[in-house]
Amino acid sequence: MTASLRHWFAALSPREKWAVLTAALLAVVTFVWFAVIRPVNDGLADAKSRHTTAVLRLAATESQMAALQPLLKAGAPAMTGTLETSVRDRATQAGFVLTTVSPQTNNALLIGIASAKPIALFGWIADMERDGFLVESLSTTDNGDKTISAQITWKLRGI
């Protein structure tokens, strides 16, 4: 096969030889471009994109951890009464009517609020969490009148 190919190439005129060599060189360059260079460039671009995403996620996670540091260092809140009385008093001060209050077995307290504006409720929850009361579970239901009902299980930080 090689001998017949050499014989064929030798029979070509000089101009035809240059054209065949040019076509072969272009074919090799095209193959290298599409088989090696493009996949490597695409892989590098993908790696840079994933790296950028990872760096942004790391920065967001670090800022969230920095925001949690004061809460982690604070310890359990100072209370004069039980968890139940503290939560009742704070809910009353915030203007919420508790429909259910039931202590749980794991030093937690389940409360129910039949109707509350979402902004007020979540603001109150945030204030409670800043003061050391942690939400163990939260379930809300839309009442259909721009208010929600909520079931919240509270625990104390550090207990």
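In this predicted model, four strands form an open sheet of 4 strands in the order β1-β2-β4-β3, with antiparallel pairing; helices (H or I, at least four residues) and strands (E, at least two) are DSSP runs numbered from the N terminus, and two strands pair if DSSP finds at least two bridges between them. The edge positions are held by β1 (98-103) and β3 (133-142), each of which has a single partner strand, so one side of each is left without a neighbour in the sheet. From one strand to the next, the twist averages 15°. Residues are numbered from 1 along each chain as its sequence is written. Local features need pLDDT of at least 70 and side-chain atom pairs count only at pLDDT 80 or more, whereas totals for chains, interfaces and linings use all residues, and side-chain values use heavy atoms, with hydrogens and water left out.

Strand β1 pairs with β2 (residues 109-116) in the antiparallel sense over 5 bridges, and Pro 103 has Leu 109 in β2 as its bridge partner. The loop between β1 and β2 contains Asn 107, a residue other than glycine with a positive phi near 55°. Asn 107 counts as exposed because its relative accessibility is 54%; buried means under 20% relative accessible area, exposed over 50%, and partly exposed in between (1.4 Å probe, protein chains only).

Strands β3 and β4 run antiparallel and are joined by 9 bridges, with Ser 137 having Thr 153 in β4 as its bridge partner. The two strands form a hairpin with 5 residues between them, and Gly 144 in the turn has a positive phi of about 90°. Lys 146 also lies in the loop between β3 and β4; its phi, near 65°, is a positive value in a residue other than glycine. At 74% relative accessibility, Lys 146 is classed as exposed.

Helix α3 lies across β1, β2, β3 and β4 (148-156) and runs at about 165° to β1, while α4 lies across β2, β3 and β4 at about 0° to β4. Helices α3 (residues 83-94) and α4 (residues 118-130) pack at an angle of about 140°, with their axes 11 Å apart. This makes α3 oblique to α4, given that angles under 35 degrees count as roughly parallel, over 145 as roughly antiparallel, 65 to 115 as roughly perpendicular and the rest as oblique. In the contact (heavy atoms within 4.5 Å), Val 87, Arg 90, Ala 91 and Ala 94 of α3 meet Trp 124, Asp 127 and Met 128 of α4.

Key
Axes are lines fitted to C-alpha atoms, for helices over the stretch in contact, and angles run from 0 to 180 degrees between N-to-C directions.
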